[in-house]
Amino acid sequence: MLRDRRVAGLLLGDLLANAGTGMIIVAMPVQTLALHGPVPNAVAIGLVEAAPFVLSTVLALAIGLGRVRVPPRTLLLADCVLRSLTFAALGALAVTGRLTLPVLIAGLLFGATFRLAGSSSRRLLATSAAGEDGRFPVNGLLGLNTTFALYIAGPVLGGLVVATAGAGYALFCDAAGALILLGATLSSVPRAAADRDALREPPASGWRILRRRPVAARLLVVEFFFNFLYMPIEVALPLYVSGTLHAGASGLGLLWGALGAGAFLGSAMVNQLRHLPQRPLLVAIIGLWALCPIALAAVGDLTAALVVFGLGGLVYAPFTPVAYSFLQSGLAPAEQQQVVTLWTTGSTVAAPLGLALGGPLIELAGSTGGLVLSGVLTLLLLPIAARAVLERTPKGEPTCASA
């Protein structure tokens, strides 16, 4: 019972923190477009979206490769404190009219230093508290949190805040979400147990452990390119909404909300998918998602776009919880932190690279052209993914029931 309360407290904090982050998904492009000056719109959005990943990637790689060992609880607390202070300061500058594009980029760069390590720590703390039997449903609940808060409640609330008060106030909401997660972590995760587990000497680096499971290592490469080819959509979407759909910040919030609504349904189905062959399921998700940006580029009104993006969220949502459950099922407790952090980093580092490419790409191809290109390239990834993930498991490789 105590364990259930701890998991529930951490999941609640995660939900509310993601809601704050979801609000700035809408607010940051709007804030950027108000500050970009001589910098082209798409390039400025790409720089702002990429900034939070740079330093956080360096730290997370150091942990994942086994050179740095920090307790997951400590990493999550550091992320909450730094994020709340930084975003509150950025919000204060924004609402007083003193925020500039370089300051915004610098604030996001340093304020998100623990972002990836904190994200993997949330998953580690929640799944370790739930135990081996509860790992799959907890991964599903974390996915449900992300989709509901990050893509439904957060963007809708963010659109309302931006439309009624201004983008700067959404930064305060994200800071408040980080404070709530801080309180949830302090009250739900005992220091002694978390620190003792995290500081055990790992038998090998995260990459060496992954190499013992070739399918998991290949899946990480596939997920990297899957995320990389998705990221130009985040640059194109604000321009697509304002240009093709002739809608404002509220329209962008609704579009992200539609993605989240579909993802909410998809995440709610994750526990029912646990007995399906999961490798073919992961490949099918990639192919179905690829059709989404292509279809989105073909529609010209907000209602149709909401339907398309909602369906995209439905098929995409199970990917992450299924992939993490597959990965974690073959790991010993002492291997979890470095491997999960490395996996999170390897899959997420595609974001700044994809965003950096997405800015110039959308500037050249336009918003609808960039959407089509993202979908077509993802379709070209499909046969590579099928070969990498569905290849027969070599004799001696660890297997799991969900594979």
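This is a predicted model: local features need pLDDT of at least 70, side-chain atom pairs count only at pLDDT 80 or more; totals for chains, interfaces and linings use all residues.
Residues are numbered from 1 along each chain as its sequence is written, and side-chain values use heavy atoms, with hydrogens and water left out.

View 1. The chain is divided into domain 1 (1-202) and domain 2 (203-392), with bounds that come from an automatic or database domain assignment. The contact (heavy atoms within 4.5 Å) takes 49 residues from domain 1 and 51 residues from domain 2. About 4,100 Å² is buried between domain 1 and domain 2, 72% of it on carbon and sulfur atoms; buried area is the accessible area (1.4 Å probe) that two parts lose on being put together, summed over both.

**View 2. The side of domain 1 that touches domain 2.** The elements giving two or more residues to this side are α1 (2-35), α2 (41-50), α3 (54-64), α4 (72-95), α6 (115-130) and α7 (135-164), where helices (H or I, at least four residues) are DSSP runs numbered from the N terminus. Helix α7 provides the largest share of this side of domain 1, namely 15 residues.

**View 3. S56 in helix α3.** S56, which lies in helix α3, is buried, with a relative accessible area of 0%; buried means under 20% relative accessible area (1.4 Å probe, protein chains only). The side chain of S56 reaches the backbone oxygen of P52 at 2.9 Å, and a polar atom of that side chain lies 3.2 Å from the backbone oxygen of F53. When its neighbours within four places in sequence are left aside, S56 is in contact with A112, T113, R115 and L116.

**View 4. T113 in the loop between α5 and α6.** T113 is found in the loop between α5 (101-111) and α6, and T113 is buried, with a relative accessible area of 18%. A polar atom of the T113 side chain lies 2.7 Å from the backbone oxygen of F110. Not counting residues up to four places away in sequence, T113 touches L55, S56, L59 and L82.

Key:
Buried means under 20% relative accessible area, exposed over 50%, partly exposed in between (1.4 Å probe, protein chains only). A polar contact is a pair of N or O atoms within 3.5 Å; within protein, one must be able to donate a hydrogen and the other to accept it, and residues adjacent in sequence count only if both atoms are side-chain atoms.
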